[in-house]
Amino acid sequence: MNVMENMFGPVAVVTPLNPRLDAASCAAFRDRLEQVLDRGHELVVVDLSAVEFMDSTGLSAILRALRALAGRGRLACAGVRAGVRKLLEVTKLDQGLLDIHPDAETAARALAQGREARP
């Protein structure tokens, strides 16, 4: 799987480019997320705009990143398509645990503004 990484100010944006984020394709995405966190990034956007299907493996990679950032940073998802959104709704991740934005730029701005608002 190809995974792209960009910076939007202080926010790292990780974008899986494969339409499927499942057991067969998730390793590169999970590894890239872990690399971003290992480098100390505290604000991370996962841009899912290219992902049409995600199974529990992809969800697990996102949850691992959320846990790693607990108490020190934030993670948001962007560009979530209908099939992936349904998974996030069924697992109730869309109800406060995970911020979902229409696109990566909007998500990055929201995270960066939240950082500025911290005491």
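In what sense do strand β1 and strand β2 pair, and over how many bridges? Residues 3-8 (β1) and residues 11-16 (β2) pair in the antiparallel sense, over 6 bridges. The model is predicted.

**The β1–β2 hairpin**
- β1 and β2 form a hairpin, with 2 residues between them.
- Gly 9 sits in the turn and has a positive phi of about 65°.
- Phe 8 has Val 11, in β2, as its bridge partner.

**The annotated domain**
- An unreviewed UniProt entry places the feature "domain: STAS" at residues 13-114.
- That span is 46% helix and 21% strand.
- The end C-alpha atoms of residues 13-114 lie 16 Å apart.

**Helix α2: length and ends**
- Helix α2 has 14 residues, 56-69, and at 1.5 Å a residue it should span 20 Å.
- Its end C-alpha atoms are 20 Å apart, which agrees.
- At the start of α2, a side-chain oxygen of Asp 55 comes within 2.8 Å of the backbone nitrogen of Thr 57.
- Gly 71 follows α2 and has a positive phi, near 85°.

- Gly 58, Leu 59, Ala 61, Ile 62, Ala 65, Leu 66 and Leu 69 are buried in α2.
- Seen down the helix axis, the buried residues of α2 fall within an arc of 155°, so they line one face.
- An α-helix has 3.6 residues a turn, so residues three or four places apart point the same way.
- Ser 56 and Arg 67 are exposed, on the other side of α2.
- The cover over the buried residues of α2 includes strands β3 (20-21), β4 (43-47), β5 (53-54) and β6 (74-78).
- Helices α1 (26-38) and α3 (82-90) are also among the elements covering them.

Terms used:
Residues numbered from 1 in each chain as written. Predicted model: local features only at pLDDT ≥ 70, side-chain atom pairs only at ≥ 80, totals over all residues. Heavy atoms only, no water. Helix = DSSP H or I, 4+ residues; strand = E, 2+ residues; numbered from the N terminus. Expected span 1.5 Å × (residues − 1). Buried < 20%, exposed > 50% of the residue type's maximum accessible area, 1.4 Å probe, protein only. Arc of directions from axis to C-beta. Contact = heavy atoms within 4.5 Å. Polar contact = N/O pair within 3.5 Å; in protein donor to acceptor, adjacent residues only side chain to side chain. UniProt positions renumbered as here; feature names shortened; annotations may be inferred. Pairing = 2+ DSSP bridges.
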